[in-house]
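Biologist: I am new to this structure and would like to learn how to read it. Could we go through it feature by feature?

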Amino acid sequence: MLHLPVGDPRSSRAVYPGTFDPFTDGHRDLVDRARRLFAHVTVLVAVNDEKRPARTGAERAVDIRAILPADWENVTVAAWSGLTAAYCQQHGAGVIIRGVRNAIDAERECQLAAMNETLGVTTLFMPARPELATTSSTAVRAAAT
């Protein structure tokens, strides 16, 4: 549940974090849906070397911006190596957007959402469209090799 008062500028800004290695059609769909709900959406590319991404966070951010339509003017893409909640606090975003494909995703995401809520940032879960729910970045990477 959103706890931001009407008119709070943070209520109009959301962050959609992820490794995005690679950025899939499901990710793009979620950004498209989120940009219609919020005045501004930041696609936040996680810089997490433990996941061993194929490209740096900055390179993935540039690639994602190139994929997104130019007329999506309320969407920006940034790379970040800290906690998502810290980015939200520093950039005035009150909501984290998370895609959920199945019950396993939901269980994991609820744990993260609880932590972020204690840090003052609400999480909004958006279910994946059925035709996109079976696609994951891991599966796309595996198919490419």
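**Reading the model**

Modeller: Start with two residues: both W80 and Y87 are buried. Buried means under 20% relative accessible area, exposed means over 50%, and partly exposed lies in between (1.4 Å probe, protein chains only). This is a predicted model, in which local features need pLDDT of at least 70, side-chain atom pairs count only at pLDDT 80 or more, and totals for chains, interfaces and linings use all residues. Residues are numbered from 1 along each chain as its sequence is written, and side-chain values use heavy atoms, with hydrogens and water left out.

Biologist: How many helices and strands does the chain have?

Modeller: Helices (H or I, at least four residues) and strands (E, at least two) are DSSP runs, numbered from the N terminus. Here there are 5 helices and 5 strands, and along the sequence they follow the pattern β-α-β-α-β-α-β-α-β-α. Of the 145 residues in the chain, 43% are buried.

Biologist: What share of the contacts join residues at least 24 apart?

Modeller: A contact means heavy atoms within 4.5 Å. Among contacts between residues at least 6 apart in sequence, 76% join residues at least 24 apart.

Biologist: How many aromatic pairs are there?

Modeller: Rings of Phe, Tyr and Trp (its six-membered ring) pair if their centres lie within 6.5 Å; planes under 30 degrees apart count as stacked, over 60 as edge-to-face and the rest as tilted. By this rule there are 3 aromatic pairs. One of them joins W80 and Y87, with 5.0 Å from centre to centre and 75° between the planes, an edge-to-face pair. The rings of Y16 and F20 are also paired: their centres are 5.2 Å apart and their planes stand at 65°, so this pair is edge-to-face. Y16 and F20 are both buried, and together with F23 they form one aromatic cluster.

Biologist: Which residues of α3 are buried?

Modeller: They are T84, A85, Y87 and C88. Seen down the axis of α3, they fall within an arc of 160°, so they line one face of the helix. The arc is that of the directions from the helix axis to the C-beta atoms. On the face turned away from the buried side, α3 carries the exposed residues Q89 and Q90. The cover over the buried residues includes β1 (13–18), β2 (40–46), β3, β4 (95–100) and α4 (103–118). Just after α3, G92 takes a positive phi of about 70°.

Biologist: Is G57 buried or exposed?

Modeller: G57 is buried, because its relative accessible area is 5%. This glycine is found in helix α2 (residues 57–67). Leaving aside residues up to four places away in sequence, G57 touches V45, V47 and A79.

Biologist: How many salt bridges does the structure hold?

Modeller: Side chains of opposite charge can pair when their charged atoms come close. A salt bridge is a side-chain nitrogen of Lys or Arg within 4 Å of a carboxyl oxygen of Asp or Glu. The structure holds 9 salt bridges. One of them joins D29 and R129, at 2.8 Å from N to O. This pair links distant parts of the chain, since D29 is in helix α1 and R129 is in the loop between β5 (122–127) and α5 (137–144), 100 residues apart. D29 counts as buried at 15% relative accessibility, whereas R129 is partly exposed at 35%.

Biologist: Which residues are linked in a network of salt bridges?

Modeller: The network links R98, R101, D105, R108 and E109. Within it, the side chains of E109 and R98 meet at 2.7 Å, N to O. E109 is in helix α4 and R98 in strand β4, 11 residues apart. Both E109 and R98 are buried.

Biologist: Which residues make the nonpolar surface patch?

Modeller: Patches are made of residues with over 30% relative accessible area and no salt bridge; like charges are joined within 9 Å, nonpolar side chains (Val, Leu, Ile, Met, Phe, Trp, Tyr) within 5 Å. Accessible areas come from the Shrake-Rupley method with a 1.4 Å probe, and for residues only the protein chains shown count as cover. Here L83, L112, M115 and L119 make a nonpolar patch of about 330 Å². L83 sits in the loop between β3 (75–80) and α3 (84–91).
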